[in-house]
Amino acid sequence: MKKVYTAKDIQALVASGQPLSSIPDSAVLTPSAKDAIRDLKSKPAQAKSSNSSRVEPIVPDYEFKWKKGADPKTPEAIEAFFNSPELRVLKERICDMGRRIWEKNYCDGNGGNITIRVGDNLVLCTPTLISKGFIAVDDICMVDLDGNQVAGSRKRTSEVNTHLAIMKATPDAKSCVHAHPIHATAFAIAGVKPPTCLIPEPEVFLGEIALAHYETPGTPENAKAVGALAPDHQSIIMQNHGVICWGKDVEDAYWKMENTEAYCNTVYIASQLGHGLNTYGGNKLQELIAIRRSLGMPDKREGLKECELCDNSEFSPGVVCVSSSGCDCEDNNNSSPSVDTSDAEAIVQKVTDLIMRQLSA
């Protein structure tokens, strides 16, 4: 397995006195690692001055971190926490993401819902029967992990239990966004799981997109079906329903929704061009999975054979694997079935003769 270098790895390498030339040519560099190397190469060698005030660049982190075991217990404490400045910031972000999914045409009417986990047993959520394009801070409500509403003047969404099932299944899920983007929902109606090994970015930021079997929205059965897939998948298409994505914060979850819709849209258009969908092979996907893992994202595909990584045999109109190293399983399901046309000319002639006889009768 090729070693993956992140920005932290580059910084640790330089701090230890090792040159950048010590990085193997076969190494996989994350985008942040490439930025770090470029910055280091562009800096002239000079001693640090005592009055240097340069601020180290950062990547903003919007993940909400609470103190374990410190959830408010009394109604008064819960209400105070619910109306605190720190939760107001999160409520504003929920409203912002609601406007984004509405403006992107990912939801219509009162469709879609959004949640953010804010404690061991507390979750902010959007209310029922409200347009996500016009939601306000005062509309947000709060529930416990069993779905009981503990704060907020508007009634919580009935579909919050699916979000809670995801959060219970994986502690890394701090926020969920559910919507009905047109192209991804078309995949849901067709019961088709999007193929893999086509575009690098979705493999890194989404991983494998899952397809949950249909259950009535808002029911315990739907929550169970989706929750079971959450530990291995951050984007889940719900059959005949829509899409739900989870992330470390609400913007991360929204990004995955946007990634999912864009990917499904692109795959749909490409599948109509009549040339098949050419994959880059499982050997290249392994490199992308390594990058994904280095970013702290789960991926259940580690350890699979290269041909299994790009197995798109169930997708129609078909995916052509162009990398022999990635599709060398003994039973290659990616191949299109061959059609015997040896008798076609004789059949056409028989049909023609029959039609001519009927016309002359």
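The model is predicted, so local features need pLDDT of at least 70 and side-chain atom pairs count only at pLDDT 80 or more, while totals for chains, interfaces and linings use all residues. Residues are numbered from 1 along each chain as its sequence is written, and side-chain values use heavy atoms, leaving out hydrogens and water.

Let's start with the cysteines. A disulfide here is a pair of cysteine sulfur atoms within 2.5 Å, and the count comes to one. Cys 197 and Cys 310 form it, with their sulfur atoms 1.9 Å apart. The torsion about their S-S bond is about -85°, so this disulfide is left-handed. The pair ties together distant parts of the chain, 113 residues apart: Cys 197 sits in the loop between helix H6 (182–190) and helix H7 (200–205), and Cys 310 in the loop between helix H11 (306–309) and strand E12 (319–321). (Helices, H or I with at least four residues, and strands, E with at least two, are DSSP runs numbered from the N terminus.)

Are these two cysteines buried or exposed? Both Cys 197 and Cys 310 are buried, where buried means under 20% relative accessible area, exposed over 50%, and partly exposed in between, using a 1.4 Å probe and protein chains only.

Now for the packing. In soluble globular proteins, nonpolar side chains tend to be buried together. A nonpolar core is a set of buried Ala, Val, Leu, Ile, Met, Phe, Trp, Tyr and Cys residues joined through side-chain atoms within 4.5 Å. The largest one has 44 residues, and Leu 87, Ile 101, Val 118, Leu 124, Met 142 and Val 177 touch the most other members. Elements giving two or more residues to this core include helix H4 (85–103), strand E7 (175–179) and helix H9 (250–271). H9 gives the largest share, seven residues. Apart from this core lies another, of 19 residues, including Ala 230 and Trp 246.

Take a look at Met 142. Setting aside neighbours within four places in sequence, Met 142 is in contact (heavy atoms within 4.5 Å) with residues including Ile 78, Phe 81, Leu 87, Val 118 and Gln 149.
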